[in-house]
Each structure stands twice: as C-alpha cells, then as structure tokens.
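Have the model open in your viewer, with selection by chain and residue number ready. The stops below go from the contact between chains down to single residues.

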Amino acid sequence: MVNQESEGRAPVVKRRQRHEGPEKHVIAFIFSIVLTLIAFAAVAAGEVNVAFTVILLLVMAVLQVLVQLGYWMHMKDKGHMIPIIFMAGGFFVAFLAIIAALYWMWW
Amino acid sequence: MTTPHTLNTAETLPPEPEKATLEGRNKILAFWLFLGGEAVLFGTLFATFLTLRNQVADGPSAKELFHLPLTAAMTVILLVSSLMSVFAIQAMHRGDKKKLAVWLSATVVLGLGFLGMEIYEFAEYVIHKGYGMTTSAFSSAFYTLVGFHGAHVLFGIAWIALLIGQLMKKGLTVVTAPKIYVAAMYWHFIDVVWVFIFTVVYLLGRVV
C-alpha cells in the first residue's frame, strides 16, 4: 500500500491534511521547562526533607522523559507498538542493572 | 529502491517522506532497537555511578564539586536544541527544505554550546581543582558517565552537520528524509539521557 504511495505522486492536499502545527510541541517544551525548574528549585531551596526531595526529583525526571518520548519522538502516535516494546525492553534491562548493582553493593 | 529524483520537489514529496519507502521505515524501526540498546548501555553506566558515587577517597564529594547554575543552563540549552529538531522535522513534513536546514543548523549550534559548557566544566574540575579521572572511584564513574553522554552529543553534532551538507547537495528526498528523521530521534534520546544525568548525578548529588 505504501509502496504504491511512494511510486505514484502524492497529491498536495494530503500533505496539508497531515500537517500539524507547532503548538503541541511548544506546550510540551514549556511543560519540560516547568518540570526542570521544579527539580532545580527543590534542590536550590536546600534542606527540606531528603526523602521527599529525592522522590520529587525522580518523578519530575520520569514525567519529562515521558513527555519527550511520547510527543517529541512520537511514541504516543499509533503504529508505535514495536518501538514501545524495544524501548521498554531497553529501560527494563537498564533498570534491572541499576537495581542489581545497588542491591549487590548496599544490602 | 525507487528513483529519488522523481520525488524530490515539494509537489511530489510524500506527506511523511521518512516513511514513504520500506527502507525508510526499516531504518526507523531498527533505530528504535538501537536506542533500546543505548538505554541498556547508559543504564549500566548509571548503575556503576550509583554504586560508586560515595567512594570519593580524598577528592571532593558531589556536594562540594557541582555548581548548579551551569548545569541548569546546559539543561535549558539541550532542551531548546531538542525543540529545534522537532521544528526541523515539522519543516520536513511541509516539504520546506530551507527551513529544515535552518532548524537543523540551530540544533547543531545549540549542541555545540552545550558541549562547550561541558568542556568548560570538566576543565574547571581537572585543571583548576586537580580533580581527574583517577582521583577516586566517584570521579572515574562521573567522568565516564557524563563524558560518554558528551561523546554522544559530539557524535550527534557531526552527524547532523553532515546531514545538512547532504541535504543541500542532494535535496529533500525519500532517501535523505529517513536519515534526518533518525538523527532527530537520536538527538531527542540524548536529551532523555541528559534528564537522568542532571537528576541523578547533579541534583541528587546535592541532596544525598
């Protein structure tokens, strides 16, 4: 189906339909900046509560990574099941390595 | 392979030129697998760093060493450069070769800015504070993890710069489009890794 598309000439109208504006990405950018600001502000504020700050920082990082993978790398768009499996597999092994190393060293 | 020269004008370029050919789609899919592997690679470096981060020997600890305003500036620069590559892909989807080249150039320039600041940071530690790779287990793990990310930034800069050259020479076609798309994915991934670095290395280094 798509091979035919590439061999024939795609009508101009189609490109207009598929085009998306920058608004969504600017919002994702502002959201990332806000998450970054919260993280740096939490640390700059000094000794509040160590456990709370650590959890806050990790949540901010995970949220920002999800925004970037989902919006900027289009993982939330349809047809991304295999990329999600690849990346989830990669993150799973990475996480496993971190947990195993920490477990090995500290407990 | 379809003949690219018949598809290289704005009128005939498919709406998503990076996915118009089987080769392009395969390239993108394979690149996701590569990024999954990269995640594992950085995961092991993070694991090493986390286990060794308190082994500072007689060198300074993370708390004494890191200067947050510099890290914050580097974070913003890399984030903006990631946004520039998003705009580049949007220009590519519009078939706008000139804008595509402009946004890619902006990505490269900001990447160079980031790299310059990282080199400044490392030089500050090594030359002014005498804190090198072999000072402590913490310093070895720190330079390996952050330096490896910096090497990725350097590679990305060279890659995208070469792609801009190819784009100018060969035009925006179904052959050049997947390459640019994949390079933009790589650039976003570099930003993703940096999010974990500034959180785990720099911010957590100041907290615990």
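Start with chain A and chain B together: between them, two residue pairs are in polar contact, both at pLDDT 80 or more. A polar contact is a pair of N or O atoms within 3.5 Å; within protein, one must be able to donate a hydrogen and the other to accept it, and residues adjacent in sequence count only if both atoms are side-chain atoms. Now select the side of chain A that touches chain B: α1 (2-7), α2 (12-18), α3 (23-44), α4 (50-72) and α5 (81-106) of chain A each supply at least two residues. The largest share, 14 residues, comes from α5(A). Helices (H or I, at least four residues) and strands (E, at least two) are DSSP runs, numbered from the N terminus.

This is a predicted model, in which local features need pLDDT of at least 70, side-chain atom pairs count only at pLDDT 80 or more, and totals for chains, interfaces and linings use all residues. Residues are numbered from 1 along each chain as its sequence is written, chains are lettered from A and ligands numbered from 1 in the order in which they are written, and side-chain values use heavy atoms, with hydrogens and water left out.

**The interface as a whole**

Colour both sides of the contact, which takes 53 residues from chain A and 58 residues from chain B; contact means heavy atoms within 4.5 Å. About 5000 Å² is buried between the two chains, and carbon and sulfur atoms give 78% of this area. Buried area is the accessible area (1.4 Å probe) that two parts lose on being put together, summed over both. How many salt bridges does the rule find across the interface of chain A and chain B? The number is zero, a salt bridge being a side-chain nitrogen of Lys or Arg within 4 Å of a carboxyl oxygen of Asp or Glu.

**Thr51(B), on helix α1 of chain B**

Select Thr51(B), in helix α1 (residues 22-52) of chain B. Show what surrounds this residue: beyond its neighbours within four places in sequence, Thr51(B) is in contact with Ala101(A), Leu102(A), Met105(A) and Trp106(A). A polar atom of the Thr51(B) side chain lies 2.8 Å from the backbone oxygen of Thr48(B). Thr51(B) counts as buried because its relative accessibility is 9%; buried means under 20% relative accessible area, exposed over 50%, partly exposed in between (1.4 Å probe, protein chains only).

**Aromatic rings**

Stay on helix α1 of chain B and select Phe31(B) and Phe34(B), which are three residues apart and so separated by about one helical turn. Phe31(B) is buried, at 10% relative accessible area, whereas Phe34(B) is partly exposed at 38%. Over all chains, the structure holds 25 aromatic pairs. In the pair of Phe31(B) and Phe34(B), the ring centres are 5.2 Å apart and the planes stand at 45°, so the pair is tilted. Rings of Phe, Tyr and Trp (its six-membered ring) pair if their centres lie within 6.5 Å; planes under 30 degrees apart count as stacked, over 60 as edge-to-face and the rest as tilted.

Next, select the cluster that ring pairs link in chain B; among its members are Phe49(B), Phe66(B), Phe114(B), Tyr125(B), Trp194(B) and Tyr202(B).

Chain B has six helices and zero strands, and its C-alpha atoms fill a box of roughly 65 × 30 × 25 Å along the principal axes. Of its 208 residues, 57% are buried.

In the loop between α1 and α2 (62-65) of chain B, find Ala57(B). Its phi is near 50°, a positive value in a residue other than glycine. Most residues other than glycine have a negative phi. Ala57(B) is exposed, at 56% relative accessibility.

**The two domains of chain A**

Bring chain A back and colour domain 1 (5-76) and domain 2 (78-107); the bounds come from an automatic or database domain assignment. About 410 Å² is buried between these domains of chain A, with 74% given by carbon and sulfur atoms. Leu69(A), His74(A) and Met75(A) supply 79% of the area that domain 1 buries against domain 2, more than any other three residues.

End on His74(A), in the loop between α4 and α5 of chain A. His74(A) is buried at 12% relative accessibility, and its phi is positive, near 60°.
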